[in-house]
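Here is a structure to read closely, term by term.

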Amino acid sequence: KKSLLFHDRRAETLRRSAMSSARDKGGSSYPRDKSSSSYSSPSHFNPDAAASDSELRTLLEARYRPLISLLCENDFELALATANVSDISEADHLARALIIVTSAEKCEVNLARRLLGDEFKRNGAHPSQIMRHQSVTSRALGSHARAIGEWNLKATIGGLVNALIKDEINLEIDPARLDGDEALAAQNLTPLLKWAEAFLVAVTAAPSLRRLPPAMRVLCAEIAASADKLALPPEHRAALIGGYLILRYYNPAIVAPEAHYLTYEPPSPIARRNLVLISKILQATANGVLLEKEPYMQPCNELVTRCLPAMREFLSDAAVQPPPTPPMFFQATPPLPPPTATSAVDGDAKISSCDAQTLSAEPPSSAVPTPRVATSTHALDEAQGALELLHA
């Protein structure tokens, strides 16, 4: 933790120093765009920084090559052993470090497949526990999905998220949060169901499936194949794929859109609560279960039941591995466009299931994903921090 934090701070200090130097010379400040997935390279201004980058790459290669080789050889046995003995409090940091290091070797998808196989093997006697706890496997899948799937999130749910936040509507249906006003809770139910259905349609639509990164579909296929080996029923297999795509990919972006570059600013507490309620409905649909634990959510079960066939079809199709073989490395994403709101929704207004232009959009030819290589000081520092964490 200390290593990663230290290097993040050092990269930020170098970036600010480069910006200041550029301003003194009358050049562009070249700030970091919020939509960027990495810091702007200080070597853009300082020729010495390029030399430093080269020296750091050489240092990392010389110092950590044996460790990298050990982690990646023998079918990732050392990486799996490290994941199995690590403390749960370190799962997030370890998963992130493993993904960073193996992505540089272009084998992080193979690592994720190996982690999945080990997860199914260890929990084969109790299938309900597979991918249900905060393990290194679950965290690694989430970290990898977030790294390669940002563009799909923006195209699929970005417009809906921004529209809901801008609408400033309250979708709360828990009377306890409304000072016991059950009439108001019942009144809020209708717009909540309309918004939730819009998100469900956007996620399960055919364009969303086409935009899903091929590497993620490879992992969906791996989950489906492992479930078939255990002879799990189709509904359980769909729930496991939903645990990956919905729980680890879509829902985190819905609940925290500012962390996934869907919005520029954090949503208000009311908007955040609205997004949480919608995520509950999405997750219940993906799991194929009714909302029974919280009584105030039970009126949403009709929507869950109605959208369940479409969700299962989407999860089943996502597990069909498409050609060609996906790239085994991190992919850059295009910049975040200015937020555009769709039509506002109120209790009496009719909402379109989702914005047609958004759903039909395909990645522009100029935005072909490219490998994220360690060319900036920040990227190199991040890699060094990950390696030092694994070394420790």
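Q: In this predicted model, at what angle do helix α8 and helix α13 pack, and how far apart are their axes?
A: The model is predicted; in it, helix α8 (residues 182–204) and helix α13 (residues 301–318) pack at an angle of about 10°, with 10 Å between their axes.

Q: What makes α8 and α13 roughly parallel to each other?
A: Angles under 35 degrees count as roughly parallel, and the angle here is about 10°, so α8 and α13 are described as roughly parallel. On the α8 side the contact is made by Leu193, Ala196, Glu197, Leu200, Val203 and Thr204, and on the α13 side by Leu303, Arg306, Cys307, Ala310, Met311 and Phe314. Sorted by class, this contact has 9 nonpolar, 1 polar and 2 charged residues.

Q: Why is α10 called largely enclosed by the rest of the structure?
A: Buried means under 20% relative accessible area, and 12 of the 16 residues of α10 are buried, so the helix is largely enclosed by the rest of the structure. Among these buried residues are Met216, Arg217, Leu219, Glu222 and Ile223, and the buried residues of α10 pack against α5, α6, α9, α11 and α13.

Q: How do you know that the reach of α10 is close to the expected value?
A: Helix α10 (residues 214–229) reaches 23 Å from its first C-alpha to its last, to be set against the 22 Å expected at 1.5 Å a residue. Just after α10, Ala231 takes a positive phi of about 55°.

Q: What makes the pairing of Arg122 with Asp118, and that of Arg122 with Glu119, a salt bridge?
A: The criterion is a side-chain nitrogen of Lys or Arg within 4 Å of a carboxyl oxygen of Asp or Glu. The N to O distance is 2.8 Å for Arg122 and Asp118, and the closest N and O atoms of Arg122 and Glu119 are 3.2 Å apart, so both pairs meet the criterion. Arg122 and Asp118 both lie in helix α5, 4 residues apart, whereas Arg122 and Glu119 are 3 residues apart in that helix, about one helical turn.

Q: How do you know that the salt bridge of Glu294 and Lys280 links distant parts of the chain?
A: The side chains of Glu294 and Lys280 meet at 3.3 Å, N to O. Glu294 lies in the loop between α12 (269–287) and α13, and Lys280 in helix α12, 14 residues apart. Glu294 is partly exposed, with a relative accessible area of 28%, and Lys280, at 25%, counts as partly exposed.

Technical notes:
Residues are numbered from 1 along each chain as its sequence is written. This is a predicted model: local features need pLDDT of at least 70, side-chain atom pairs count only at pLDDT 80 or more; totals for chains, interfaces and linings use all residues. Side-chain values use heavy atoms; hydrogens and water are left out. Axes are lines fitted to C-alpha atoms, for helices over the stretch in contact, and angles run from 0 to 180 degrees between N-to-C directions. Helices (H or I, at least four residues) and strands (E, at least two) are DSSP runs, numbered from the N terminus. Angles under 35 degrees count as roughly parallel, over 145 as roughly antiparallel, 65 to 115 as roughly perpendicular and the rest as oblique. Contact means heavy atoms within 4.5 Å. Ala, Val, Leu, Ile, Met, Phe, Trp, Tyr, Cys and Pro count as nonpolar, Asp, Glu, Lys and Arg as charged, and the others, Gly among them, as polar. The expected span of a helix is 1.5 Å times one less than its number of residues. Buried means under 20% relative accessible area, exposed over 50%, partly exposed in between (1.4 Å probe, protein chains only).
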